Amino acid sequence: MNRCIMKAYLITFAWISVLLLSETGVALASQTDVLTTLREVGLSSATAVRISTALELGLSLDHLGQYAPEEIAQWFKVKEGPLDDKEAILLTITQALEDGLPAAMLIDKVKQGLGQIYDDKKNIIPQPRHPLPQIRHEISVRAQLLAGVEGLLHGKNIFVSEEARAGLTVLPLRRFDALVTNIADALGDYLEGDGNPYDGFLLYQAMSTRLRNQSSAESVIPAGESIIPAEDVDLVLDRIEPGDLTPTVLKALNQS
Amino acid sequence: MYRVQDEVSLLRASLEGETEAWGEIVVRYKEAVFGLCLGFLRNRADAEDITHDTFIRAYENLRRYRLEKRFSTWIFTIASNLCRNRLRHRRYHPVISPSDPVSGGLDPAAVVAQEDRWTRVREGLDVLPYGYRAPLILRYYNDLSYREIAEVLSLPEGTVKTRIHRGKVMLKQAIEKDGVIHYERG
Amino acid sequence: MREDNLEETLKNVLQREVSDEAFHIEGLEERIVTELAGQLPKSSPLEALKRLLAPTRGARLGQLAVIGATAAVFLVLGAFLAGHLPFLEGNPRLAVTPSGNEVLFIMPAIGAQSVTVVGSFNDWEATPLSDENGDGIWTKSISLPPGRYEYAFVIDGRWWGQDPLADEYVRSFGEYNSVRYVGLAGDGA
């Protein structure tokens with residue numbers, strides 16, 4: 001596990017908090033709701049506990065984006081589809097959260113894939129907009145990309161930590177997560193747009209364009225609030241080479 | 001030809017809605033933009049499309065252009081971004097057909113040798129990865145400085161230098177693969 | 001004359017390629033001037049629609065085939081709209097009011113029963129557009145903080161992922177999504 005000290009510490013702390021609350025019977029009300037909902041989806045108790053615990057962990061690390069654990073569980077209860085696909089999608093998210101990855105991008109993609117479809121009377125109907133296997137495949141690739149990009153940044157000595165150590169560049173968690181999310185998402189979009197994974201330079205351009213645009217858009221935010229400051233973009237573009245991206249992408253494709 | 005000659009006046013007139021002035025800008029830059037697109041995309045039809053789109057897009061966004069920036073760099077940036085978008089949605093398919101041999105008073109053997117070299121350079125460009133090809137085109141067709149290329153492609157200047165150097169080495173290797181031509185070192 | 005210099009050869013080859021193909025861009029300036037002159041005022045929604053309908057957008061042809069019959073009507077509506085929404089002039093890609101990042105979503109859909117926008121800013125849940133005067137132009141203004149947003153329109157249940165006013169397009173689940181960078185300065189093409 002090539003994970004930095006501070007991030008591991010944060011994850012461990014969050015894990016202990018979540019587990020302690022569960023062990024002492026002071027489980028959060030929301031987690032109980034999530035467990036109940038996940039069991040209603042049809043998942044086994046053990047799987048439901050694992051998923052709900054990971055969702056709580058993600059919530060504590062701000063890795064769920066704008067979504068709450070209970071609503072995520074609710075989607076899978078409402079939408080029709082094979083149980084094994086639902087389980088696989090939830091476990092992909094769970095694994096990413098357990099690894100401390102910023103899974104908000106995956107969750108947003110799942111929400112988009114499940115969609116909202118209405119009948120003639122404007123009632124929401126239970127079919128997902130896209131087939132669950134398609135969603136499963138899509139987020140599997142992106143989850144692998146998240147892990148791959150995090151590993152790539154670590155390989156370039158870019159870490160999350162408040163501890164300055166010789167040779168390491170350290171970023172606050174939020175900024176590090178923003179880099180991982182945006183790079184992985186840009187690479188995922190590139191692949192989904194039929195981009196050639198062997199063309200490292202197009203991959204690099206997809207990454208640099210995304211980071212620069214995102215950073216420029218945020219540059220209008222009052223000082224201190226930007227999560228991708230220009231200096232982080234420069235850091236990434238200086239350290240990552242086009243040749244680094246093809247192996248990262250191919251690994252993600254092979255493992256998904 | 002449009003009555004106003006200097007570029008700044010043409011751009012100001014274009015901003016005020018004088019499309020004829022923009023037409024003069026198109027006249028001045030269309031070949032450079034087309035060459036960039038042809039070099040980047042290696043596909044004439046796509047290059048023609050993107051050249052057209054570049055001038056439309058640039059006109060629409062003219063208010064965003066700042067006079068302190070070279071206009072050529074700005075419009076090349078738009079063209080480059082549009083090329084990239086086009087490439088994102090299709091795999092690279094080189095379709096440029098070999099040109100007719102040059103005619104004229106040259107020795108036929110020399111003409112054949114030159115055509116052969118040129119064909120190999122074209123084929124070398126076709127197979128060169130986009131990331132190496134793009135800076136080479138901007139450098140050797142559009143005559144941009146390293147700094148301008150870095151700006152157009154959103155790359156650090158050092159990376160541009162490295163890519164141009166490596167691109168030439170790769171191109172040379174591709175050309176020499178069959179032992180036909182020997183270029184100078186470096 | 002033998003060329004021993006790769007750079008010279010490269011220059012010659014590139015120039016030759018362009019000169020061989022340059023006849024394809026003959027008269028381009030006239031076509032562009034005509035195209036722009038036919039779109040008044042400059043940078044109007046009509047122009048954006050024209051971009052959508054231009055034959056050069058190969059990737060959009062499939063979608064265009066579906067709506068081909070209504071495209072001409074859209075153009076007319078775009079011209080009409082140009083006179084009705086003066087605040088769109090100047091920057092058609094992102095309408096930002098002085099007070100903040102008020103982003104206007106606009107979609108011509110004559111005869112539609114329902115037009116909504118779904119995106120990363122509303123959890124992919126439908127925000128309805130309105131057409132109060134019944135002219136077929138559906139609009140909705142949404143306040144968004146700076147950032148990148150993916151979205152699509154849904155017209156009577158049909159996904160419409162290529163907003164002519166978008167900064168870029170991405171593919172997702174085999175469909176197009178539009179992207180806007182709110183707060184973006186510069187080209188952003």
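How many helices and strands does the secondary structure of chain A come to?

Reply: The secondary structure of chain A comes to eleven helices and four strands. Helices (H or I, at least four residues) and strands (E, at least two) are DSSP runs, numbered from the N terminus. The model is predicted: local features need pLDDT of at least 70 and side-chain atom pairs count only at pLDDT 80 or more, while totals for chains, interfaces and linings use all residues. Residues are numbered from 1 along each chain as its sequence is written, and chains are lettered from A and ligands numbered from 1 in the order in which they are written.

The pLDDT is the predictor's confidence in each residue, from 0 to 100. Its average over chain A is 84, and 82% of the residues score at least 70. Two residues are in contact if their C-beta atoms, placed from the backbone, lie within 7 Å. Among contacts in chain A between residues at least 6 apart in sequence, 69% join residues at least 24 apart.

Chain A has 256 residues, and 47% of them are buried. A residue is buried if 20 or more other C-beta atoms lie within 10 Å of its own, exposed if 12 or fewer, and partly exposed in between, with C-beta atoms placed from the backbone.

Helix H3 (residues 45–60) of chain A has 16 residues and reaches 22 Å from its first C-alpha to its last, close to the 22 Å expected at 1.5 Å a residue. The expected span is 1.5 Å times one less than the number of residues. The buried residues of H3(A) include A:Ala48, A:Ile51, A:Leu55 and A:Leu59. After H3(A) comes A:Asp62, whose phi is positive, near 60°. In helix H4 (residues 69–78) of chain A, the residues A:Pro69, A:Ile72, A:Ala73 and A:Phe76 are buried. They cover an arc of only 95° around the axis, so they are on the same side of H4(A). The arc is that of the directions from the helix axis to the C-beta atoms.

Chain A also has a place in the largest nonpolar core: of the 122 residues there, A:Leu187, B:Cys37 and B:Ala79 touch the most other members. A nonpolar core is a set of buried Ala, Val, Leu, Ile, Met, Phe, Trp, Tyr and Cys residues joined through C-beta atoms within 7 Å. The largest share of this core, twelve residues, comes from helix H2 (residues 19–41) of chain B. Domain 1 (7–88) and domain 2 (108–176) of chain B both give residues to this core, so it lies between them. Those bounds come from an automatic or database domain assignment. Leaving aside residues up to four places away in sequence, B:Cys37 touches B:Ala47, B:Ile50, B:Thr51, B:Ala79 and B:Cys83. A second, separate core of 28 residues includes C:Trp124 and C:Tyr176.

As for the other chains, chain B has eight helices and zero strands, while chain C has four helices and eight strands.
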